[in-house]
Amino acid sequence: MNVSVRYLSCGDTAFSVEFGNKISPEINGRVMALHAAIGQAAKSGELAGVVETVPSMRALMVCYDPMTTSRAKLEPEIEGLIARGLPTGMKTRQVTIPCCYDDPEFAPDLKEVAERTKKKVEDVIALHLASRFTVYVLGFMPGLAYIAGLEKSLYLPRRSQPRVRVPRSTVAIAMDMTTIYPFESPGGWHLIGRTPLWMFDQRREQPVFLAPGDSLTFQRIDRKAYDRISREVEAGAFDWARLVRA
Amino acid sequence: MSAALKVVRPGLFDTLQDLGRIGYMALGMPTAGAMDRVALTLANALCGNPANTAGLEIGVMGPDLLVEADSVRVALVGPLSASLIEGPDAPPKPIDSDRTHLLKRGQMLRVGMVEGSSTAYLAVAGGFDLPPFMGSLSTYARAGVGGYQGRKLAAGDSLPLVRDQAPPGDEKKLGQPFDYGSGPVRVVWGPQDDYFSSKGRRTFVESDYRVSKEADRMGIRFEGPTIEHSVTGDKRGADIISDGIGPGAIQVPGAGLPIVLLGDRQTVGGYSKIATVASVDLPRLGRLLPGQVVRFSPVTVEEAEKLRRDQEARLQRAIADFKTARPPGGIDLARLYEENLIDGVVYY
C-alpha cells in the first residue's frame with residue numbers, strides 16, 4: 001500500500017505517527033494495526049523503552065522513556081515495523097450493548113432527531129440498531145468511547161446548546177458517531193437511549209469496558225430488562241463476558 | 001491496631017501521587033502522577049523507598065497528621081515553612097524541610113505552608129498501605145480513583161502505613177537544594193507547529209507568559225500575547241482531528257493563549273499543539289504559581305533527551321550526596337568520624 005506517514009514530535013517522551021489528515025476506517029485501521037504491532041513487539045522484548053501507545057482517529061502516539069531509548073533509535077524501528085507490513089483484518093472483539101430507547105427520561109432527544117432527519121421515532125431506533133459501529137478512540141473522560149459507523153441518514157451536528165448534565169450510561173449520537181457517557185457530565189450530543197451498563201466501573205478488574213478497535217452493535221431492551229440488568233451491574237453481579245464475542 | 005497517619009486537619013489540596021498510572025491512556029485514563037517528579041523522588045530516596053512509591057503531594061498549605069503507629073519516619077521535600085512536630089508531652093518544635101524526621105505515637109506533624117512553589121511532598125518510610133488502581137496509587141480526583149478513596153484528603157481520614165515502626169537508621173537530609181534550573185522553559189516544536197503562522201510561532205518564543213489563576217493538576221493556562229494560527233492551507237486554525245496529548249503539550253485554542261497540559265490532562269484532544277515542554281522542565285512547570293512569568297525557548301528532541309538524562313544523573317548524584325541530619329541537640333556522629341574527632345584527639 002502506498003502510505004504517507006508523518007512523525008510528529010511530542011516533546012522528548014513521545015511522538016505521533018500520523019497516517020493521514022482525515023477520518024476514515026482505512027486510516028483508523030492502520031492506526032489500530034500499528035498499536036497492535038507495537039504491543040506485540042514490546043511483549044516479545046523488542047522496542048525497549050516504549051512505555052505505551054495511544055491510538056486516535058488517524059494517529060498513534062508512541063510514548064517512550066528517554067532514559068532507555070531515544071527518538072533517533074525508535075523512529076527507524078517503528079518505520080521498520082510499518083515497512084514489514086502491518087497486519088490487516090485483525091481479530092476484533094464483537095461487543096453487544098443493551099440499550100433502552102423507550103423511556104423519555106432516557107431518550108429526551110429521540111423525537112427531535114426523528115423530526116430533523118424526517119423519520120419516525122421507530123425508524124431512528126431501527127437505524128441505530130442496524131448500524132455496525134467501530135470504537136475509534138477513547139478519551140475526554142476515562143472510558144468515553146468515540147464510536148463511528150452511524151447510519152448516514154442519522155447524521156446531525158452537535159446540539160447548539162450543550163447540556164450541563166447528561167446522566168451516566170446515556171447513549172447519544174452526533175455526526176457519524178455514537179457514544180456512551182461513562183460518568184455524569186456535560187454533553188452536546190443528542191440523547192437517544194440509555195444502557196444499564198457502566199462504561200467505567202473501578203470495582204472491575206478491567207474498569208474500562210470498551211477498547212479501541214472493538215466492533216459494536218446495540219441490542220434493544222425494554223424497561224424491565226433495563227432495571228434487571230441495572231441491579232446486577234450495581235451489585236457487581238453482571239456477567240459482562242456474555243456481551244463479547246472474540 | 002494497625003499503623004496509620006490520621007488527618008486531624010486537611011491541607012488545601014493534598015493527594016497521594018506516585019510517578020503516574022502508566023499504560024492506560026489508550027482507554028482514556030490520564031496518567032496523573034506527581035507534578036514535581038524530582039521532589040517526590042528525593043523524598044522517597046530520603047526515606048529509603050523505591051522512586052515510584054506514593055507520597056503526599058501538598059499544595060499551598062499542608063495537613064496536620066497524627067501518628068497512630070509506634071513510630072514513623074517521614075521526609076518533607078519542597079519549600080515548606082513553619083512545619084512543626086507537636087506533643088504529646090513536648091512543646092511544638094519547628095522542623096526543616098528537605099530532610100527526614102522521626103515521629104513517635106501520639107505526636108502530631110503539622111505540615112506548614114508551601115512558599116515559592118505550588119507543591120511540596122511528604123514521603124513515609126515503607127509507604128502507604130493502600131490498594132493500587134490500574135497499577136498506580138496516583139489520585140485522579142476527576143474520576144474518583146487512586147490514592148485515598150480517589151480524592152484529596154479530608155479531616156478524619158486514616159492513611160494506613162505499611163510499617164508499624166520506622167526502620168532503624170539515621171535521619172537524612174539533602175546535601176543542597178536541587179537545582180531545577182532557571183531561564184526559559186525548554187520546549188520542542190510540535191506536534192502541530194505547522195498549524196501556526198510564522199508570526200504566531202515567533203510570538204510564542206519571544207513573549208513573556210504569565211501563569212493565570214486557572215492552574216491545577218490538569219494544566220496551566222497562561223496569559224500574554226495571543227498566538228496566531230495559520231489562516232491558509234489545509235493546516236490552519238485551532239481545530240485538529242483529535243489526537244494523543246503527551247505530557248507538557250502546549251495547546252492553543254482559538255483565543256490564542258497557550259495551555260500547558262500536565263498529569264491530569266485528558267488523553268486526547270482536538271486543539272492544535274504548538275510545542276511540548278521538554279521533560280527536564282516539567283517539574284518546574286509543576287511548581288509554578290499564579291502570577292509567575294515564563295518564557296519558552298525551543299530545543300531539538302535530541303537536546304531535550306540529553307537535558308533529561310543529565311537531570312537524572314544529577315538527581316542520582318544528589319541522592320548519593322545525602323547527609324546525615326543531626327538530631328536537634330544531638331551529636332553528629334558522622335561529622336565526628338569524618339573529622340577524626342571520635343576520641344577527642346586530633347592527629348595532625
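## Basis of the description

The model is predicted, so local features need pLDDT of at least 70 and side-chain atom pairs count only at pLDDT 80 or more, while totals for chains, interfaces and linings use all residues. Residues are numbered from 1 along each chain as its sequence is written, chains are lettered from A and ligands numbered from 1 in the order in which they are written, and side-chain values use heavy atoms, with hydrogens and water left out.

## The mixed sheet of chain B

In chain B, 8 strands form an open sheet with mixed pairing, in the order β23-β16-β17-β20-β19-β22-β15-β24. Helices (H or I, at least four residues) and strands (E, at least two) are DSSP runs, numbered from the N terminus; two strands pair if DSSP finds at least two bridges between them. The edges of the sheet are β23 (293-294) and β24 (296-298) of chain B, each of which pairs on one side only. Strands of a sheet pair through backbone hydrogen bonds, either parallel or antiparallel.

Several of the pairings can be followed residue by residue. Strand β16 (residues 209-215) of chain B runs antiparallel to β17 (residues 219-223) of chain B, with 3 bridges between them, and B:Arg210 has B:Glu223 in β17(B) as its bridge partner.

## Backbone features in loops

The bond from B:Gly87 to B:Pro88 has omega near -5°, and B:Pro88 belongs to the loop between β7 (83-86) and β8 (93-95) of chain B. The bond from B:Gly190 to B:Pro191 is likewise cis, with omega near 15°; B:Pro191 is found in the loop between β15 (185-189) and α2 (198-206) of chain B.

Positive phi values also occur in residues other than glycine. For B:Ala82, phi is near 60°, and the residue is in the loop between β6 (80-81) and β7 of chain B. With a relative accessible area of 63%, B:Ala82 is exposed (buried means under 20% relative accessible area, exposed over 50%, partly exposed in between, with a 1.4 Å probe and protein chains only). In chain A, A:Lys118 has a phi of about 55° and is exposed at 75% relative accessibility.

A:Thr117 is buried at 12% relative accessibility. Apart from neighbours within four places in sequence, A:Thr117 is in contact (heavy atoms within 4.5 Å) with A:Val124, A:Ser153, A:Leu154 and A:Leu156.

The buried residues of α4(A) include A:Val124, A:Ile125, A:Leu127 and A:His128. These residues are on the same side of α4(A), because they cover an arc of only 165° around the axis, the arc being that of the directions from the helix axis to the C-beta atoms. Among the elements covering the buried residues of α4(A) are α3, β6 (133-138), β9 (170-174) and β13 (215-220) of chain A.

## The interface between the chains

The contact involves 46 residues of chain B and 43 residues of chain A. In chain B, B:Ala26, B:Leu27 and B:Ile241 lose the most area to chain A, together 19% of what that side buries. The area buried between the two chains is about 3,300 Å², with 62% given by carbon and sulfur atoms; buried area is the accessible area (1.4 Å probe) that two parts lose on being put together, summed over both.

Between chain B and chain A there is 1 salt bridge (a side-chain nitrogen of Lys or Arg within 4 Å of a carboxyl oxygen of Asp or Glu). A:Arg6 forms a salt bridge with B:Asp194, the closest N and O atoms being 3.3 Å apart. On the side of chain B that touches chain A, β15, β18 (239-244), β22 (273-277) and α4 (301-320) of chain B each supply at least two residues. The largest share, 6 residues, comes from α4(B).
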